Amino acid sequence: MRITCPHCGARDAQEFTYLGAADPQRPDGMAATEAAMFDYVYLRENPAGPHRELWYHGAGCHAWLVVTRDTRTHAISAVEPAKNRKAGAAA
Amino acid sequence: MRYSVFSLLAQAFQGHKGWTPVWRDPAPKAEYDVVIIGGGGHGLATAHYLASRHDITKVAVLEKGYLGSGNVGRNTTIIRSNYLLPGNTPFYELSMKLWEGLEEDLNYNAMVSQRGVINLYHSDGQRDAYARRGNAMRLAGVDSELLGREQVRAMLPYFDYDNARFPIQGGLLQKRGGTARHDAVAWGYARAADSRGVDLIQNCEVTGITIVNGRAVGVETSRGPIRAKKIAMAVAGNSSRVAAMAGLRLPIESHVLQAFVSEGLKPLIDTVVTFGAGHFYISQSDKGGLVFGGDIDGYNSYAQRGNLPVIEDVMEAGMGLWPGLGRVRMLRHWGGIMDMSMDGSPIIDVTPVDGLYLNSGWCYGGFKATPASGFCFAHLIATGAPHPVASAYRLDRFATGHLIDEKGAGAQPNLH
Amino acid sequence: MSGQPFRLASGGLIDRAQALDFSFDGKSYRGFAGDTLASALLANGVRLVGRSFKYHRPRGVLSAGPEEPNALVELRSGARREPNTRATVVELFDGLEAASQNRWPSLAFDLLSLNGLLSPALVAGFYYKTFMWPAAFWEKLYEPLIRRAAGLGRAAGLEDPDHYDKAFAFCDMLVIGGGPTGLAAALAAGRSGARVILCDEDFRLGGRLLAEKREIDGKPAAEWLAAALAELESLPEVRIMPRTTIFGLYDHGIYGAVERVGDHLPEPAPRQPRQRGWRIYAKRAILAAGALERPVVFPGNDTPGVMLAGAVRTYVNRYGVLPGRETVLFTAGDDGWATARDIAAAGGKVAAIVDARSDADPVRKGLADKLGARLFVGGVIEGASGGRQLAGVTIRDASGATSSVTCDLLAVSNGWNPTLHLTSHQNGKPVWDDDLHCFVPGTLPAGLSVAGSAAGRFTLAQALEDGARLGREAVAEAGLTPAGAEPVPATDPETAALQPVWRVKGAKGKAFVDYQNDVTDKDVELAAREGFRPVEHLKRYTTLGMATDQGKTSNLAGLAIMAEQTGKTIPQTGSTTFRPPYTPVAIGALAGHHRGKDFRLTRLAPTHGWSKEQGAVFIESGPWLRAQYYPKPGESDWLTTVNREVLAVRSGVGICDVSTLGKIDIQGADAAEFLERVYTNGWKALPVGKARYGLMLREDGFVMDDGTTSGLGESHFLMTTTTANAGKVMQHLEFCHQVLWPEFDVRMVSVSEQWAQASIAGPKARETLRGVLDPEHDISNEAFPYLAARAVTVGGGIPARLFRISFSGELAYELAVPAGYGDAMMRALMRAGAPFGITPYGIEALGVMRVEKGHVAGNELNGQTTARDLGLGKMMSSKKDYIGRLMAQRAALAEKDRPSFVGFKPVDPAQRLRAGAHFIGIGQAAAMENDEGYMTSVAYSPHLKHWMGLGLIKGGAARIGERVRAYDPVRNGDIVVEICSPVFVDPEGARLHG
């Protein structure tokens, strides 16, 4: 696979490390519940189809990226820096 | 027809015209006591044990493709019970005992070959970790031996002992481990289940699970609706997709694991070997092919195929272990879709939906578990209670923290 | 042509001036440059080249290409022996050695051919039905017999003496196949200025043009070929790679390729690899891999001398070899007739032409008459006889009458299958074409187009047209402007009518579907009878298509026979998908240089050279090589050395490299808050100039890593991690910042490689250090107390950092200097410490002292332990949120009887402890339910003069003083130990603060 890093261009996926689903949001703060944290840490949609997921460009710019990739075909439709995501969600 | 050397010879004299289909090809009935979703190794084994051990025969196994089309026919055929943690060891040992009696139980030769499984270690720390595991196995009544470097060299002379980046210092051997002919396991269970009246229904994809008042009462399929008193999921690789039909989210990701086979060669190694300095395992099939594999590709996938980085990584590990592999040619590689669970261990349990049972999360240890998985799942379905050796495989263990994390990798499926 | 009785007097693309000597089964032969091993063997009249897998039937050359199922040999000898090598693709070289395989004692007299007599019982899947009793006999008797009989060639097993390389290439367009289609495509793209890579598995480009007598633009095709190659070579952006097989198609336009750099030489050239594995990144690719001819299933179809008709043309036209004296042609279409014509043109005799089609075509009749061949219209070959060498065939004519014809070559033509393998590598299923009678590519992978024969467009005219058109299209899709279209060259007329024959039911004898795996038509019938009807069941049950050729010549016939059995059509029965690789790939080529010491990279500390000079023994520690201990002359074993090092530190001073620890520089207004979130303990109150021990959890509540972090400024921190987790922690911190809390004003960078770091430990550490620090730095106990951390200078202004932290429990410092000064730092410290008997110590002594002090390390931080398990529960703040806080509160993680961290000592001080031993209560049975925990780390304390251990046991510290068994049956250990405090030396910490 190749991932087009927004900073570095198209690079072999071997330069990246995969983490998992990008959409679960960590329940921050002292008010967060164990149940919500359990959900965040352990439960996954695991879809067969488009999947927003986190990749880390460890052999490049060290950016965490949200990659939208189809798990049936591996086709990638979008790549964006993860740090933009929360800003976008908050806006 | 019972299989034996006599029936084989008798058929030989009549041109093998008398063999009949190994299983029927029935149309689905309107209702069953138990519907098993998934005609792979675990689903077929579950059907066999439901019928043979619990006398439950109004059972259908629904398979979306052909029987054995999932991971049972896509693995590296290793069987072993060299597990560390008490939640696992007795379960896999039951599996090993069932393997040891499988041919007689099924009247089918699945070529269970107890040729030994050896895990190599390359440092003092690894040696002690394997000692910990070997001792845990002994405590659970499983055979284990810790070998030194020269003992390993005597068994496996071709490996790199003198110029390796991570020199081999010894290995943990389970003599009773080995291999089995993967397809034959599926076929043997299928034939045995069919002979007891279980309906094996191929090309029948489950498209929905019907739930009434919190209870699963049937399935929608590509061949029409089927009612069932109990519905059992044994669809590793696709567990999340099927569970989603019942509104469940699982602690599972689907990942691709590649496997490889070389061209057929005269015998070179007669045990199963895992390399401790890279993720690599290898054995040689009875047909002569070296069968080997490594790590999962590491990203969610349902595509049943992987990519070059892992392929090269596996070949590198092969050469790192055994520099004589250089001129051996890789003949085929393929991928299977693994249920990678959040602690690396499986789930055999009831679900929050009444009447719906879950068998999933096998990571890449599903093949060796096939007999015990079927045995314990059948026990759970038939009695409503977990089998004692599978009692740790609860779905709620992630919430309670009773994890079974052999590797200590944490809640990240691609590290298990 | 003495010695080459089947070589034609002239013709062919061989260099008759360059004779090459080679041997087969020990007998010497001669061929020419440009030959393959197969063509050279055929030239010498060697027909029998191998034995089959199961029945050990004699086999000869079937094909002239990569699809060869029969002519597999062991090539070369010794450690270079390559089993299962297809003679049809081996380029002949001088001194080549080859041997037949799977036979004993010899190829001509193979005792295991007796299996043929047993064959009535050895049908598909026979082994599933027997060998079950008694169970123990499987491993002891049946399986060894099967294994010895199975397999084909013998691998050397010995270390491969040759080298391999890996390479990467990027292009606008990859052309797969250098036949007319590929050349036309490469020309079209190359003329447009595109970066083109043209690969062909053959050593000579041209594809079928090399094997056929064809004309392009009214001239021999060879002229067009030469011009095309000359033009391609003149284009600077076109790279031509012969001897290069594209073996697999992977995601996003990445193609796996193997270039056989030195396989055509006796040994690879100096400083050259044998093979090179490529990853080719192509914006677009054109599959122009041509097609593979199909045999017919009939009794005796495996007799040496039965060959594919197109292969016969290859041998005649390309290699100048006529593989038989008397030929019979068995054809199902027009294409086979070219073989009869070419044989006749080369002076060979065509005894009979059997055309399975029932229409009596006067043109064909005329041609047969002209060739002097008997013509059987609507006839089939019902059997071939001769055993080790074809002697004749039985022809059944349209009326059903049979006649025997003597011949030594039977050329079989049954149409071609597109070489569409790569199109199915991403799960694409080929689709059946009723008009072409073959599968053609179905859904194509992104970025790939298929042209010419590979797309089922079998004529030369179509090939040239497709290549030019798709080449231009691909250029446009790759974002370039195609050059103006050139006219497609004209070709001589050709027809491709075909009515394929899948199988001829004969009177007797075995009819092979899959030659290499000895799968017969009867096996397919048996599979149908037993219900193994889905194509995957058919393959898996009969082993059809599972041999080294992956069913290139057999899969379709198997499907056709299954279809016939079940009354379905071929497409209803299944498809022919192929898994990668297209042809088998040497493992070495995919591993490259990653073997031996170069299997994985080796990282060396900046002080490595100094350690080496000091006589260090090094040990692998992840990717690092670290100094394990520094033996002195006369020290007979490692323990003596380590004891000396430990005692030297505790009594004087020692130095040890700790550069491998992870170091992360963290800066920003929110840096302290960031540390609060990632560590369990509090950081906001950390003063500038102080270090603090920190504990980090994973989000699932288990311990991830530990280390010290120092405040270098109000918003500037330096974190250290364990060596093993340096990369993991960096990634984790980046995750926490970029994914979880991007609003934080914080930045971080790994500085692990920027700093060399040494630990200076022992009562004389301060005095030693004074000798290297610039004099203005006051490191008295008051000015620089325990856990002080500060920027200093050494050697007259070289920036350095000094930390008063201790792993050994002694008065100790860690001094960091820019990595380039690491070596100088060690030497300076040695000079400064000389008066105190300074001693270098390695990680073994470091480990002893940390066990003496009861510090947790890698063995305890194994991903399965919680902070509470390790006695660090007090470090979990209840006042703030941090990673892992909530999951660490789960019931099971807080259970009282979780094994927790304590020390152990042998009751008999002479006894040795071993890590990995499990704890069992005294008097209790060795059983899983009595397992109470295990020993994580052990060391011998020269201080206490006995072994000590750290471990996890149920009840933990509450059981101090209790005795338990340390059970270690895998090392024959079962000793009584006493549970004790994990701090064995200086529990008050007096030395630390001195």
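**Conventions.** I took the model as predicted, with local features needing pLDDT of at least 70, side-chain atom pairs counting only at pLDDT 80 or more, and totals for chains, interfaces and linings using all residues. Residues are numbered from 1 along each chain as its sequence is written, chains are lettered from A and ligands numbered from 1 in the order in which they are written, and side-chain values use heavy atoms, with hydrogens and water left out.

**Chain C as a whole.** I began with chain C, where I found 22 helices and 51 strands, taking helices (H or I, at least four residues) and strands (E, at least two) as DSSP runs numbered from the N terminus. The C-alpha atoms of this chain fill a box of roughly 115 × 75 × 55 Å along the principal axes. Of its 994 residues, 63% are buried, where buried means under 20% relative accessible area, exposed over 50%, and partly exposed in between (1.4 Å probe, protein chains only). Its accessible surface comes to about 35,000 Å², and carbon and sulfur atoms hold 54% of that; such areas come from the Shrake-Rupley method with a 1.4 Å probe, and for residues only the protein chains shown count as cover. Among contacts in chain C with a separation of 6 or more, I noted that 66% join residues 24 or more positions apart, a contact being heavy atoms within 4.5 Å.

Which helix did I look up as mostly covered? I looked up α6 (residues 309-318) of chain C, in which ten of the ten residues are buried, including Arg313(C), Tyr315(C) and Arg318(C). Just after this helix, Gly320(C) takes a positive phi of about 65°. I then turned to Thr708(C), which sits in strand β38 (residues 703-713) and is buried at a relative accessible area of 14%. Beyond its neighbours within four places in sequence, Thr708(C) is in contact with Arg692(C), Tyr693(C), Leu718(C), Met719(C), Thr720(C) and Ile805(C).

**The contact between B and C.** I next asked how many residues each chain gives to the contact. Chain B gives 113 residues and chain C gives 120. The area buried between them is about 9,900 Å², with 55% from carbon and sulfur atoms; buried area here is the accessible area (1.4 Å probe) that two parts lose on being put together, summed over both. On the chain B side, Leu139(B), Arg165(B) and Arg327(B) lose the most area to chain C, together 10% of what that side buries. I counted 13 salt bridges between the two chains, each a side-chain nitrogen of Lys or Arg within 4 Å of a carboxyl oxygen of Asp or Glu. Asp183(B) and Arg540(C) form a salt bridge, with the closest N and O atoms 2.8 Å apart.

The largest nonpolar core has 142 residues, and Phe91(B) and Leu37(C) touch the most other members; a core is a set of buried Ala, Val, Leu, Ile, Met, Phe, Trp, Tyr and Cys residues joined through side-chain atoms within 4.5 Å. Its largest share, nine residues, comes from helix α10 (residues 366-383) of chain B. Apart from it lies another core, of 75 residues, among them Ile231(B), Phe674(C), Tyr679(C) and Phe717(C). I also looked up Tyr92(B), which lies in helix α3 (residues 89-100) and is buried at a relative accessible area of 3%. Tyr92(B) and Ala372(B) are 280 residues apart in sequence, yet 7.0 Å apart in space, C-alpha to C-alpha.

**Backbone details.** I noted two cis peptide bonds in chain C: Trp104(C) to Pro105(C), with omega about 5°, and Pro580(C) to Pro581(C), with omega about 0°. Pro105(C) is in the loop between β7 (96-99) and α2 (115-118), while Pro581(C) is in the loop between α13 (570-573) and β31 (585-586). Asp55(B), a residue other than glycine, has a positive phi near 60°; it lies in the loop between α2 (41-54) and β2 (59-62) of chain B and counts as exposed at 65% relative accessibility. His62(A) likewise has a positive phi, near 65°, in the loop between β4 (50-56) and β5 (64-70) of chain A, and is partly exposed at 23%.
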